[in-house]
Amino acid sequence: MTRFAGESPGATDPLVGRHLLVTGGAGFIGSAYVRNVLARHDGTRITVLDKLTYAGNRANLAPIGANVDEAARFRFVEGDIAEPGDVEPLVAEADAVINFAAESHVDRSILDPEAFLRTGVIGVHVLLEAVRREASRAEAGDRERAPRLLQVSTDEVYGSVAEGYSKEADALAPRSPYAAAKAAGELLARSYAVTHGTDVVITRGSNTYGPYQHPEKLIPLFVTNAIDGQPLPLYGDGLQERDWLHVDDHAGAIDFVLRHGAAGEVYNVPGDAQLPNREVVRRLLDRLGKPWSLVRTVADRPGHDRRYALDGSRLAGLGWRRGVAFDSGLDATVDWYRDNESWWRAVRSGDWHAWYERQYAERLAGSVEG
Ligand code: NAD
Ligand code: TYD
């Protein structure tokens with residue numbers, strides 16, 4: 001599988017061989033970013049700052065330890081982006097900050113929104129203040145240059161899109177507490193770009209899939225349930241559409257925007273597969289050789305967004321190209337979960353059972369055949 005399609009950092013790239021602070025780097029997309037950047041062996045050093053919430057997992061970064069050169073350029077710090085004391089000293093050492101840290105699951109944001117606001121709004125504010133302070137130091141000649149902040153946002157800030165494709169200048173209309181917190185975070189980031197001239201770039205990625213994704217999300221939940229012969233809880237009519245983006249492509253696009261994006265600008269990152277959930281489920285069951293009879297229709301998610309769809313022309317115009325086609329990417333992802341049971345069984349333990357019970361017990365009790 002190609003790493004960072006479309007990207008070949010040149011000798012003049014100001015971030016090659018530099019020190020990146022990756023917040024939320026023990027999660028799904030952040031850890032892919034860290035693994036892939038270190039695997040480039042171009043001298044880049046990475047510090048991960050991660051709170052290790054239920055979604056943060058040191059095992060996602062374990063492959064780094066297996067390579068002496070990568071391990072030498074990597075450091076892990078446990079901490080909270082909403083705590084200035086955790087953030088400031090690390091931003092002071094960094095050439096760029098890439099913020100993946102967030103509470104990322106819509107269903108959890110419906111049940112318990114507070115942590116979404118703390119990390120998604122206060123946390124982003126703390127990062128922005130730290131970056132602004134470093135920019136002042138650069139201006140005073142106390143450091144070489146101001147750090148750039150890349151805020152990882154989502155297509156969900158546009159809300160449900162009945163037809164057409166969202167462009168970066170479209171109005172934001174988030175409809176879940178998760179999406180509202182993400183919109184708030186990126187608007188705050190843009191306000192710093194305008195008001196203080198802070199060097200901020202923003203990406204809005206679409207639904208991401210691949211190895212190491214927490215099994216609370218659709219694809220890994222259904223794959224791991226199906227492996228165990230457990231019911232697959234499909235919300236509502238299952239005809240909601242998502243546009244699927246492979247995690248290596250999402251991570252690659254983020255790196256590309258970090259290097260080539262214009263300050264203060266927003267970039268959509270679309271996938272290549274706009275599909276109704278039913279179709280995604282059919283394909284993953286086919287790959288596993290499991291029957292459709294596992295699928296149960298359950299009560300819908302409140303406020304369920306019907307469709308997301310991104311216009312990717314701005315990022316394409318900058319020169320970025322996707323590298324992983326959905327069909328092969330999904331097959332490889334299904335195979336990864338089949339081959340890495342110890343990873344997901346460890347995640348589906350402890351608190352997982354209380355979450356599963358709370359989210360699905362009643363739904364499954366009232367379910368009908370898919
Ligand atoms: P994830 O839930 O797998 O990982 C989030 C990581 O952030 C975890 O390691 C967690 O421990 C850490 N974290 C949470 N709160 C923190 C805090 N206060 N301080 C430090 N670390 C904290 O999420 P993901 O799917 O990898 O998503 C990463 C980013 O990409 C998020 O900002 C998300 O909104 C965005 N995004 C995700 C998708 C998707 O489909 N997964 C799509 C578009 C955008
Ligand atoms: P999810 O992976 O939670 O991502 P998002 O809500 O950010 O798009 O869900 C993807 C789609 O799958 C979404 O339409 C909701 C649906 N879904 C189910 O039908 N059942 C489930 O158990 C889950 C987790 C999701």
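This is a predicted model: local features need pLDDT of at least 70, side-chain atom pairs count only at pLDDT 80 or more; totals for chains, interfaces and linings use all residues.
A polar contact is a pair of N or O atoms within 3.5 Å; within protein, one must be able to donate a hydrogen and the other to accept it, and residues adjacent in sequence count only if both atoms are side-chain atoms. Residues are numbered from 1 along each chain as its sequence is written, and side-chain values use heavy atoms, with hydrogens and water left out.

**Ligand 1**
- Of the 29 residues around ligand 1 (a heavy atom within 4 Å), Ile29, Asp50, Ser104, Tyr178 and Lys182 come nearest.
- A polar backbone atom of Ile29 lies 2.8 Å from an oxygen atom of ligand 1.
- The protein covers 97% of the 840 Å² of accessible area that ligand 1 has on its own (Shrake-Rupley method, 1.4 Å probe).
- The shell around ligand 1 divides into 11 nonpolar, 14 polar and 4 charged residues, where Ala, Val, Leu, Ile, Met, Phe, Trp, Tyr, Cys and Pro count as nonpolar, Asp, Glu, Lys and Arg as charged, and the others, Gly among them, as polar.

**Ligand 2**
- Glu156, Arg242, Arg301, His304 and Tyr360 come nearest among the 20 residues around ligand 2.
- Oxygen atoms of ligand 2 lie 2.5 Å from a side-chain N or O atom of Glu156 and 2.9 Å from a polar backbone atom of Leu218.
- For ligand 2, the protein covers 97% of the 510 Å² of accessible area that the ligand has on its own.

Terms used:
Chains are lettered from A and ligands numbered from 1 in the order in which they are written.
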